[in-house]
Amino acid sequence: MTTFNIDINLKSTDISLEHLNFNERLKYLLFVRGMTEAELAQKSHISRSTIQRFKNNNKQLSIETRLKFSEILDVDKSMFCGEYELFLISNFSDEIKNFRLKNSLTQLEFGEILEVNRKTVRYWEKGYCVPNEENYLKLKEQGL
């Protein structure tokens, strides 16, 4: 039997699980929803053994799988995806371009601020490549 050392009012609609890692959140949400691993496996089309390995912190799951879990368990995407991953699945190319234009910066000027070349900024804006996590943090520091 799974035990949770979490001081949470289950009647509250604003439950914070930020202090738990993704696999602990999955364990908790399955418990709260009264759903078994087998039921989650059937609904997500993922093997039960894969779910068990994730719950035991022995396997990383793709962003797509974690988004599927969010949908099935009816929770916000951020429950299973980190901030950078959510950025990657967003329309980041338009966000970057709009931010640059709003701040009246050329691609060259914006690249200099971020310590990348103009071509990199252009590729991000076109969606040809994605900023790595380090560059995402630089973008965030600039207010994106």
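Biologist: Which residues does Asn23 touch, not counting residues up to four places away in sequence?

Modeller: Asn23 touches Phe54, Lys55, Asn56 and Asn57, where contact means heavy atoms within 4.5 Å. This is a predicted model, in which local features need pLDDT of at least 70 and side-chain atom pairs count only at pLDDT 80 or more, while totals for chains, interfaces and linings use all residues. Residues are numbered from 1 along each chain as its sequence is written, and side-chain values use heavy atoms, with hydrogens and water left out.

Biologist: Where is the place of Asn23, and is Asn23 buried or exposed?

Modeller: Asn23 lies in helix 1 (residues 22–33); helices here are DSSP runs of H or I with at least four residues, numbered from the N terminus. Asn23 counts as buried because its relative accessibility is 6%. The cut-offs are under 20% relative accessible area for buried, over 50% for exposed, and partly exposed in between, with a 1.4 Å probe and protein chains only.

Biologist: With which side chain does the side chain of Asn23 make a polar contact?

Modeller: The partner is the side chain of Asn21, at 3.1 Å. A polar contact is a pair of N or O atoms within 3.5 Å; within protein, one must be able to donate a hydrogen and the other to accept it, and residues adjacent in sequence count only if both atoms are side-chain atoms.

Biologist: What is the mean pLDDT of the chain?

Modeller: The mean is 86, and 89% of the residues reach 70 or more; pLDDT is the predictor's confidence in each residue, from 0 to 100. Over residues 3–14 the pLDDT is below 50, and this stretch has 15 contacts in the model beyond near neighbours in sequence. Where pLDDT is low, the predicted coordinates should not be read in detail.

Biologist: Turning to the core, how many residues has the largest nonpolar core?

Modeller: That core has 18 residues, and Leu26, Leu29, Leu40, Ile51, Phe69, Leu73 and Phe80 have the most contacts inside it. A nonpolar core is a set of buried Ala, Val, Leu, Ile, Met, Phe, Trp, Tyr and Cys residues joined through side-chain atoms within 4.5 Å. Helix 1, helix 2 (37–44) and helix 3 each supply at least two residues of this core, and its largest share, 4 residues, comes from helix 1. Apart from it lies another core, of 13 residues, among them Tyr84, Phe92, Phe110 and Trp124.

Biologist: And Leu73: where is that residue found?

Modeller: Leu73 sits in the loop between helix 4 (63–72) and helix 5 (83–89). Leu73 is buried, with a relative accessible area of 0%. Leaving aside residues up to four places away in sequence, Leu73 touches Leu26, Leu29, Leu30, Arg33, Met35 and Phe80.

Biologist: What about Asp74: is that residue buried or exposed?

Modeller: Asp74 counts as exposed, at 64% relative accessibility. Although Asp74 is not a glycine, its phi is positive, about 55°. Most residues other than glycine have a negative phi.

Biologist: Finally, which residues of helix 7 are buried?

Modeller: In helix 7 (residues 107–114), the buried residues are Gln107, Phe110, Gly111 and Leu114. They cover an arc of only 100° around the axis, so they lie on the same side of helix 7; the arc is that of the directions from the helix axis to the C-beta atoms. Their cover includes helix 6 (92–102), helix 8 and helix 9 (133–141).
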